[in-house]
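Please view the sequence and the structure below before reading on.

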Amino acid sequence: MPESIFGILPSTDGWSTSKCNPFLPPGLDHVFATIPTPHGYIEAELTRAVLKLTIPDGITMDVDGAVHKGPKRLSVATSHDEEEGSNVIGDFHVKKWSAQFRRWHHFPHHVIPAKPIINDFVDLQMTDVPTVFQLPESCDKWLMSFVAFDGKCYQSFVARSNDLVTWTEPQLAMGYGNEGDFDFGGRVLGAYLYESYDIKAPRVLKKVNGRFWCLFGAYSKQGSYEIDPGYEGVAFSNDGVIWERARENSILSIFDRNVKSWEKDSIYQPWLLENDGKFYNFYNAKNMTPEWCEQIGLATSDDMLHWNRYEANPILRTNPDSFDEQFCADAKVYRDGDHWLMLYFGVTNWTASIMVAYSRDLMHWTRDPEPLYRAGEHRFGLDSEHAHKVSLVWNPTNETFYLYYCAVGTEGRGIGLITSRDISSNIDLVPKSPRLRGSLPHTCNSDKVQERRRPNIVLIMADDLGFSDVGCFGSEIETPNIDALGNGGIRFTQLYNCARCCPSRASLLTGLYPHQAGIGHMVFDSKIGSKAYQGYLRRDTATIAEVLKDLGGYRTLMTGKWHVGGEYPPDKADHWKKYAGDRHHPTPCQRGFDEYYGTLGGGGSYFDPPSLFRNEDIVVETPDDYYYTDAINDEACRMIRESVDGEDEPFFLYVAHTAPHWPLHAPREVIDKYRGKYKEGWDELRASRHKRLRKLGIVKDQWQCSPRDENSIPWEKAHHKDWEDARMSTYAAQIDVMDQGIGRILHTLKDCNIFEDTMIIFLSDNGGCAEFLQENGEGGSWTEVYGTTSSDGTQTVVGNNPDKLPGDRGTFMSYGLPVSIQCFRFFLPLN
C-alpha cells in the first residue's frame with residue numbers, strides 16, 4: 001500500500017536517498033502510513049489537497065522532483081484537483097512547472113543597445129522584439145532578429161553571436177513595404193518556423209518547399225511608433241537572413257469578415273508553431289473601447305498562407321486585479337515534456353512583466369498568476385518601466401536558459417538578457433561589438449570573479465534590542481557568543497536606524513533611505529498615492545541579495561523576519577496563503593534569496609509564529625517544543641552545512657531575529673535563570689550598565705547617565721515589583737536564547753572549517769521598544785489581532801496583566817518603557 005499510493009521507495013541501499021511520488025486512487029480521499037527504515041520511521045499523510053511527510057535524519061527524499069533532507073517535516077500541495085481527461089491544470093502543476101523559470105541572473109546592460117550603430121542607417125532607436133534562431137548548417141552559431149525604429153517606421157535587423165552574449169555584424173533583414181501597402185509602416189520579424197518547439201531543442205529554422213518561413217507583424221502608416229491598425233503577413237527566405245513577402249496581402253487584419261470586437265482596433269505580433277501537421281498562429285489583438293486592452297488569439301492553417309480564427313478566441317484573456325489585468329500579449333509557445341508552455345507579457349498599472357501559462361491542447365490555457373520576472377527587478381534599473389517580448393533559448397554547453405527581452409528603463413528601450421544560471425565568471429562583461437554599441441554605462445569589470453576566495457557573509461540582526469542589552473556593551477545578560485564577536489572584532493558605537501522594524505530592514509537590504517525603498521512608514525499602504533509609502537520593497541530597488549548573487553556569484557540565504565513585503569495580519573491565515581508573492585507582497589525568494597525560512601510579517605508568538613514560510617510554501621505544522629528563535633538559528637546552521645556540501649561558491653546568510661521584540665515568550669528554564677536579578681529595579685540597573693559602558697570605553701567618562709524618562713516612574717513607586725522582575729527576566733531570556741543559537745552558528749562555521757573565511761556582522765534594527773500592551777485594547781494593544789488560539793488549543797490573552805507571569809504561549813505581554821534598560825533618554829515611538 002505505501003509503495004503504490006505514496007510511491008515511497010529507496011533509491012539506494014539503506015534508504016539514505018529515496019523517492020516519493022504520491023498518487024491517490026479514485027475513491028480514496030485520505031491515507032496515512034508509517035514506513036519503517038534503518039534511519040527511523042517515515043510518516044506520510046495524503047489527501048486530495050496536501051501531502052504531509054516526516055523525514056527522519058539520515059534520509060534525503062526526492063518529492064516529485066524537489067529534494068528534502070531529514071530530519072524535516074513538510075507539507076506539499078498535490079495535483080489531485082485535476083480531473084482525468086480534463087483540460088484544467090491545477091495549482092500544483094502550475095507551481096511545479098514554473099519553478100525552473102523563477103530565479104534569474106541579470107546581465108548588467110543591454111546586449112542590443114537602445115541606439116545601435118548599423119552601417120547605412122542613422123538615428124536608429126528603441127530596439128525591440130528579440131528572437132534568437134539558428135540555421136541548419138551552422139548550429140554552433142546563433143542569429144537574433146530585432147527591430148529598430150528610425151523615427152518613421154520599424155525595420156527588422158539580424159545580428160550574429162558565438163556565445164549568446166556578444167552580438168555583432170548587424171544587417172537589414174526586412175525593411176518596410178511600398179507606400180499604400182499594409183506593411184509600409186514597418187515589418188516586425190520573429191515568428192519563425194522551427195524544426196522543433198521543444199523547450200530545450202536548438203532553435204533551428206525549418207524549410208518547407210526549399211524555403212524558410214516566418215510570420216511578421218506590420219503597420220501601414222509611417223510617421224510614429226505603432227500607428228494602428230496593425231496587420232500580419234507571411235515571409236520566406238532562402239538563406240534565413242534576408243526575407244521577403246510570400247504573398248501581397250496580409251494574412252490577418254481588422255478588415256477580415258469574421259473580426260470580433262476584442263480584436264477590432266489592431267492585429268499584430270504573431271507566433272508561428274507547427275504541431276501534428278497543422279500550423280498555429282498565436283497573435284496579439286487590441287480593443288480600445290472602453291479602455292486599451294490587448295489579448296491573445298489563435299488562428300490555424302494548412303499552408304501558412306490562409307488562416308482561420310479559432311471560434312473561442314481570445315484564448316488568453318486579461319484577468320482583473322492581476323499582473324495581466326490590462327494586457328496579456330506577445331505569446332511565445334514551446335513544448336515542455338507532456339504540456340505546452342506560453343511565455344507572454346502582462347500589464348498592470350502600465351507596467352509590463354513576463355508571465356507564463358500552460359496547456360495540454362494549445363487551446364485551453366491556465367496562467368500562473370505570479371510573473372516569472374517582474375519589471376524593475378534589474379539591479380541597474382534596466383527594466384524599471386517594462387520587461388516584455390521575450391525569446392527563450394537553451395544553451396546545452398552550460399545547461400542554461402537565456403531569456404532575451406525588451407527591457408525599458410534607465411538605458412532606454414533595448415534588448416536585455418537574464419539567465420537561469422550565473423554566467424558572469426565565463427564571459428567578458430565588457431562587450432566587443434563596436435558595430436552595435438557606442439558608450440556603455442553600468443559595465444562590470446571582467447575580473448570581478450577573482451582567484452582569491454571571496455568571504456562568506458553572515459549578517460545577524462536582532463529586533464528592538466537595547467544599546468546596552470548585550471555583555472560587550474555593558475549588560476548583565478549572558479551573551480558570551482555575541483561578546484566573543486565584539487571583543488574579538490570591532491565594536492561600533494554609533495549606528496543610524498529608522499526607529500521602526502520595517503523601515504530599518506528596508507534600508508539595510510537596499511542601501512537606500514526607507515522612503516526610496518518604498519517603506520517610509522510601515523508595511524501597510526498609507527493610501528496617500530506615493531510609492532514611498534506603498535508598504536513593500538519597490539521593484540526598481542536592488543536588494544543586497546540580488547547584487548551579491550548576480551554580481552558576486554554568492555549563494556543567498558535567509559532565516560527569520562522579512563517584514564518588507566506588505567502586510568500579513570497575524571489572525572488571517574487565509575490572507576497569507578492568498579497574497580504571499582503577489583505584486584504587493586514580494587517574498588525573499590522573489591527579491592534575491594535562493595533559500596528562505598521564516599515569517600513574512602512582523603511580530604507574533606514565538607511558539608506559533610504567524611506567516612511562517614519555507615521558501616514559497618507556508619509551514620503548516622511545527623513540533624510541540626517549537627521555539628521560533630531556536631528555529632531561526634538551527635535553520636541557519638542547516639543552510640551553512642548544505643552550502644558547504646554543495647557548489648564551491650561563497651554564501652551570504654541573513655539571520656533576521658524577532659528577539660527580543662514582544663511578546664515576552666521564552667523557555668521557562670531560561671527565564672528562571674534570571675528571576676530575582678532585577679528586583680534591584682531599573683534605576684539601579686541603568687546606573688550599573690552606564691558604569692560598565694564607561695569602563696569598557698564605549699561612552700566617555702564625562703558623559704553622565706541620562707535622566708530617567710519623564711513617563712517612567714521611580715522603582716520605589718512600582719506597584720508590582722515581582723511581576724516587573726519577571727518581565728525583565730523573560731526579556732533577558734529571549735536575548736540569552738538568541739545568543740545560544742548564535743553560538744551554534746559560530747560552531748557550525750568552525751566545524752565546517754570556514755570560520756576564518758567568514759565575515760560576521762551583528763546589529764539591531766532599532767533600540768528598545770516602549771509599546772505597552774493594555775487589556776482594554778488601547779495604548780498600543782492588538783487584542784483581536786494577536787488574541788488567537790495556539791496550536792495546542794491554548795487561547796492567547798493579550799495584555800500586561802500583573803496577575804499573570806509572562807513567558808508562556810498563552811500570554812502576550814510587552815516589556816514597556818522602563819524595563820528595556822537604556823542609557824539614552826529616548827525610546828522607540830509608541831506609534
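Predicted model: local features only at pLDDT ≥ 70, side-chain atom pairs only at ≥ 80, totals over all residues.

Are Asp128 and Lys389 buried or exposed? Both Asp128 and Lys389 are buried.

**Chain overview**

- The protein chain has 831 residues, and 57% of these count as buried.
- Its secondary structure consists of 13 helices and 39 strands.
- Among contacts in the protein chain with a separation of 6 or more, 62% are between residues 24 or more positions apart.
- The protein chain has an accessible surface of about 34,600 Å², and carbon and sulfur atoms contribute 49% of that surface.

- Strand 10 pairs with strand 11 in the antiparallel sense over 6 bridges, and a hairpin with 2 residues joins strand 10 to strand 11.
- Val132 has Met144 of strand 11 as its bridge partner.
- Strand 11 pairs with strand 12 in the antiparallel sense over 8 bridges, and Ser145 stands opposite Val158 of strand 12.
- The hairpin formed by strand 11 and strand 12 has 4 residues between the two strands, and Gly151 in this turn has a positive phi of about 95°.
- Strand 12 (residues 154-161) pairs with strand 13 over 4 bridges, again in the antiparallel sense.
- Arg160 has Thr168 of strand 13 as its bridge partner.
- Why is strand 11 described as largely enclosed by the rest of the structure? Of the 12 residues of strand 11 (residues 138-149), 9 are buried, so the strand is largely enclosed.
- In a regular strand, side chains alternate between the two faces of the sheet.

**Salt bridges**

- The count of salt bridges comes to 45.
- Asp128 and Lys389 form one of them through their side chains, with an N to O distance of 3.0 Å.
- This pair links distant parts of the chain, with Asp128 in strand 10 and Lys389 in strand 28 (residues 386-395), 261 residues apart.
- Asp765 and Arg505 also meet in a salt bridge through their side chains, at 3.1 Å from N to O.
- Asp765 lies in the loop between strand 37 (758-764) and helix 12 (783-786), while Arg505 is in helix 4 (residues 501-510), so this pair ties together parts that are 260 residues apart in sequence.
- Asp765 and Arg505 are both buried.
- Arg591 and Glu546 form a salt bridge in which the closest N and O atoms are 2.9 Å apart.
- Arg591 belongs to the loop between helix 7 (573-579) and strand 33 (595-599), and Glu546 belongs to helix 6 (residues 544-552), so the pair ties together parts that are 45 residues apart in sequence.
- Arg591 counts as buried because its relative accessibility is 5%, under the 20% cut-off.
- Glu546 counts as buried by the rule too, because its relative accessibility is 4%.
- A network of salt bridges links Arg555, Glu595, Arg614, Glu635, Arg638 and Glu642.

- Asn456 is part of strand 31 (residues 456-462).
- Is Asn456 buried or exposed? Asn456 is buried, because its relative accessible area is 0%, under the 20% cut-off for that class.
- Which residues does Asn456 contact, leaving aside its neighbours within four places in sequence? Asn456 is in contact with Tyr554, Pro650, Phe651, Ile754, Asp757, Thr758 and Met759.
- With Phe651 there is a polar approach: a polar atom of the Asn456 side chain lies 3.1 Å from the backbone nitrogen of Phe651.
- Asn456 and Leu749 are 9.9 Å apart in space, C-alpha to C-alpha, and 293 residues apart in sequence.

Technical notes: Residues numbered from 1 in each chain as written. Heavy atoms only, no water. Pairing = 2+ DSSP bridges. Buried < 20%, exposed > 50% of the residue type's maximum accessible area, 1.4 Å probe, protein only. Contact = heavy atoms within 4.5 Å. Polar contact = N/O pair within 3.5 Å; in protein donor to acceptor, adjacent residues only side chain to side chain. Areas by Shrake-Rupley, 256 points an atom, 1.4 Å probe, with all protein chains shown as cover. Salt bridge = Lys/Arg side-chain N within 4 Å of Asp/Glu carboxyl O.
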